[in-house]
Protein chains: 2
Amino acid sequence: MADLGEASLAGRPVAQAAGAGSPVRIGDVARAAEVSTATVSRALRGLPHVATETRQRVLAVAAELDYRPNLPAARLAAGTTNTIAVAVPDPAAWFNATMVGALGREMTAAGYDLLLSGVANLDERQRFIELNGVRSGRSDAVVLVDVALDEAAAEAFVAQGGRAVSVGFRTKALSSVTIDNVAVGSDATQLLLRHGHRRIGLLSLDSGDSLNFSIPAHRAQGYEQAHAEAGLTPDPALRVSTSNSWAEARRAAHALLQSAERPSAMFAMCDEQAFGIMLAARDLELCIGEDLSVVGVDDHDQSRLVGLTTVRQHVARQGTVAAELLLRMLQPSVEPPQHVQLDTELIIRDSVGPPSVD
Amino acid sequence: MADLGEASLAGRPVAQAAGAGSPVRIGDVARAAEVSTATVSRALRGLPHVATETRQRVLAVAAELDYRPNLPAARLAAGTTNTIAVAVPDPAAWFNATMVGALGREMTAAGYDLLLSGVANLDERQRFIELNGVRSGRSDAVVLVDVALDEAAAEAFVAQGGRAVSVGFRTKALSSVTIDNVAVGSDATQLLLRHGHRRIGLLSLDSGDSLNFSIPAHRAQGYEQAHAEAGLTPDPALRVSTSNSWAEARRAAHALLQSAERPSAMFAMCDEQAFGIMLAARDLELCIGEDLSVVGVDDHDQSRLVGLTTVRQHVARQGTVAAELLLRMLQPSVEPPQHVQLDTELIIRDSVGPPSVD
DNA sequence: GGCCATGCCGCAAACGGTTACAGACACGCG
DNA sequence: CGCGTGTCTGTAACCGTTTGCGGCATGGCC
C-alpha cells in the first residue's frame, strides 16, 4: 500500500508523449504495480480472486500508464473475439440500415464489435460463410439479414461450431427472427379486394438479386390465397418483379400501367418499390388512391409522408430481438435454436381507395 | 511432386466431419505438404521466394484440408489488422447508410473488414477514439463520418500513430472529404430569394445531437451571406433547430408555420428535415411550392418522389473518395493529409415557387 | 575449378496476452 | 498443534501465426 502513491498520484495519465515509441504492455503494468501479469489480467477484466486492494492498485497504475490491451493478442489467447459479423445484401437499403443500427446499439452495449459485410450475391454469400466460420476467429457469431442459407449449409455451419441468427429467413438449424409473410401478402391483398379491386398487380422481388427467395414467395402466396378465398384467380400478366430499388420498380410499373388492361391496384414487396410505382403513376398522371391504389410493406420512414398504405413490420424490434438471441447463443450453455415471429400491422393511409370507374 | 497426388486428388475438400474437433493449423498443412510453416505462410499469401511448384502443392494441400488461417494469430504476429473502424452518429440515417455502403464496397474489394460503431454523443466519441487507437490493434485506420475532432485531439491521435480520414469535417491533421457548406447554404437561399421570398425560415441541426457543429454553422453562414448580398437581414425568429429526424423537424416546422408572421419558404439542413416540414405543411393544409416553398440538402432517394428541391451532394462518391484516401494512407510511405472537396449541385423540383400573395 | 550471386527454404524467436496449476499464507477447528 | 479450507498470487505453458536470418543448392562467370 505504501508504494501505491508512487504510481497513481495524478488525476490524469501522464501525457508521456509516446509518439508511438514504446507501447505499454501488460508486463510494464505488472512491473509498475509489483504484481504478476496474471494478476494484472485478472484485475483489469474484473475477474474474481484478486484482493480489492491489489485490484485498485493495478487499475490506478494501468490508468497512469495509459495501458491499452492488445486485442489480437487477447483474442488469440482467449479464443474469443467479442465481435459479431453481420451480412446484409445492401447496407444502404432502409430496412437493412435500420436493422444494423438497432442491432449495433444492443451489441455495443453488451461489449461486442460489429463487423459489417455487404453480401449481394451467391458468391459473396459463400465467401462470407467461409470467412466467418469459427475457425477463422474473425467473429464469435454471425447474423444473416435477408441472406438465406439452405438447410444443409446451415447445418454444416453449426456443425463446425458456428453460431448464427437469421433475420427474415427461417431455417431449422439457426435461430431466427421473422414475420409471417403469407399473412403480409394476404392482409394487403384482402384490403384491396375489400375495396373492390379485381385486377391487382403484384410487384415481386427478383430472385436474382435477393438472397432470400422465401420472402417474395410467401407474400405472393398470401396474395394468391386471398384471391382464392374470394373465389378469384389473379391474372398472371399482372405479376412482374424487379430489384428493391425504386428506379427499377418505376420502370416496371410504368410498363404495366400502360398495358391494355392495366391493374387498378398494385401490391409491392417493399415500400421502396411502392415509391417507384407512385413515381410511375405520377409520370402517367394517374392519381394515387383514385386512379391507382398502392400497398407496400415495411412502413418506411417516408411512407407516411407520401401517404402510402403499407404493412408495417417493426424493424428496430427485430434488431433488438436478434441481439437477444445472439447474446443468449453466446452463453456457454448450448440451447436449441430459437425462432421468434413478430407481428405485422396494416397501416391505412391515402394510397388506397375504390377502383375508379373507367 | 510424387506425393502431390496423395494430398490433392479430389476436386473438393474432404468433408472431414470436423465437428469442431481439431481445427487445422498451419503446421498440419506444412506437415502434409512436407514443407515448413514459413513456406506455407508465404505460399498462401502470395509472397515471393516460393517456387511455383511448391506453392501449388501447398495451395492444393491447404484446400484439401480446408485450412483457414486464424486471424487473431496472424494479426498479432503481423501487427496489422486489415480492418478499418468507422464511426457514424446514426447508422440508420440515409446519408450515413449510403456512405457506409459505398465505403464498405471499396474496402471489402481491397481486402479490408469494416467495423461499424454508432457514435451519438461526446462520451461515445471519446470512447471510440480511445478504443481505436493504434495501440489496441483493433483497426488499422479510422473513418469519422460527421464526427468532428478538435485540432488538438486529432493531432494527438495521429501523434500516437493513428490514421484517420474525416468525412464532412475538415481538420488539418486528418485527411478529409468535404463539401463547401457555405456555398450549399448560399445556393439554396439565393434560389429562394430569386423567387421573391423575403421571409425564409432556417431549420438548423441541433448542436447537441450533432457531433459536427461546423456543417449547420457553415450552411447558416451561407444563408446569412446570401441575405447580405441581397441587402437583407434575416429575422432571427425564423431560425429553429432540431435533430435530423423528420418527426422532430415536423413538430418544429408546425410551430413555426403557425406563428403570426410565418415564413413563406424554408431551408432545411437535410432532406429528412425537409420531409418533416412537408408533413407539417400537409397538417396545416399548406400547399408545397405554392403556400410554402422548401429546399433541402442531400438529394435523398425519396426527394424525387415528393418533388423536393434540394442541394445534391454525391454521397456514394464521397464514400469512394474516402476509401481512396484510406488506402493511400495505409501504404507504408507517409504522406501529408489530403483534403478533397466535392461539388454540390442544385436540383430544382416542384417544392419551390414564388411566395403566395396573402 | 573456385567463387559469388541468387533463389528457395527452414529454424526459431517473436507477437502480447490468458489461464491451468501449484504455491503461499492466514485462519478456524478439533 | 496439526490439518483442512479458502483466498490470493505467481510461474510458465500455451494460443497460431509471421518473419529475420542463416543454410544450402544451383548456376554463371572469370
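This is a predicted model: local features need pLDDT of at least 70, side-chain atom pairs count only at pLDDT 80 or more; totals for chains, interfaces and linings use all residues.
Is Cys270(B) buried or exposed? At 7% relative accessibility, Cys270(B) counts as buried, because the cut-off for that label is under 20%.

A disulfide is a covalent bond between the sulfur atoms of two cysteines. How many disulfides does the structure hold over all chains? The count is zero. Take Cys287(B), which is in no disulfide. Its nearest cysteine sulfur belongs to Cys287(A), and that sulfur is 13 Å away. For a disulfide, the two sulfur atoms would have to be within 2.5 Å.

Now over to chain A and its helices. Helix 4 of chain A covers residues 52-65, and I'd like to show you two of its partners.

One of them is helix 2 of chain A, residues 26-33. These two helices pack at an angle of about 125°, and their axes are 9 Å apart. Helix 2 of chain A and helix 4 of chain A are therefore oblique to each other. Their crossing is right-handed. Who makes the contact? From helix 2 of chain A you have Asp28(A), Val29(A), Ala32(A) and Ala33(A), while helix 4 of chain A brings Arg57(A), Val58(A), Val61(A), Ala62(A) and Leu65(A). Sorted by class, that contact of helix 2 with helix 4 of chain A has seven nonpolar residues, two charged ones and no polar ones.

Another partner is helix 3 of chain A, residues 37-44. Here the axes come within 9 Å and cross at roughly 90°. That makes helix 3 of chain A roughly perpendicular to helix 4 of chain A. On the helix 3 side, look for Thr39(A), Val40(A), Arg42(A), Ala43(A) and Leu44(A); they meet Thr54(A), Arg55(A), Val58(A), Leu59(A) and Ala62(A) in helix 4 of chain A. By class, this contact of helix 3 with helix 4 of chain A has six nonpolar, two polar and two charged residues.

Last stop: where is Gly353(A) found? Look in the segment after strand 12 of chain A, the strand at 344-347. Gly353(A) counts as buried, because its relative accessibility is 5%. Setting aside neighbours within four places in sequence, Gly353(A) is in contact with His195(A), His197(A), Gly289(A) and Ser293(A). Compare Ala73(A): it lies 280 residues from Gly353(A) in sequence, and C-alpha to C-alpha the two are 63 Å apart in space.

Technical notes: Residues are numbered from 1 along each chain as its sequence is written. Chains are lettered from A and ligands numbered from 1 in the order in which they are written. Side-chain values use heavy atoms; hydrogens and water are left out. Axes are lines fitted to C-alpha atoms, for helices over the stretch in contact, and angles run from 0 to 180 degrees between N-to-C directions. Helices (H or I, at least four residues) and strands (E, at least two) are DSSP runs, numbered from the N terminus. Angles under 35 degrees count as roughly parallel, over 145 as roughly antiparallel, 65 to 115 as roughly perpendicular and the rest as oblique. A crossing is left-handed if the near helix is turned anticlockwise from the far one by less than a right angle, and right-handed if clockwise. Contact means heavy atoms within 4.5 Å. Ala, Val, Leu, Ile, Met, Phe, Trp, Tyr, Cys and Pro count as nonpolar, Asp, Glu, Lys and Arg as charged, and the others, Gly among them, as polar. Buried means under 20% relative accessible area, exposed over 50%, partly exposed in between (1.4 Å probe, protein chains only).
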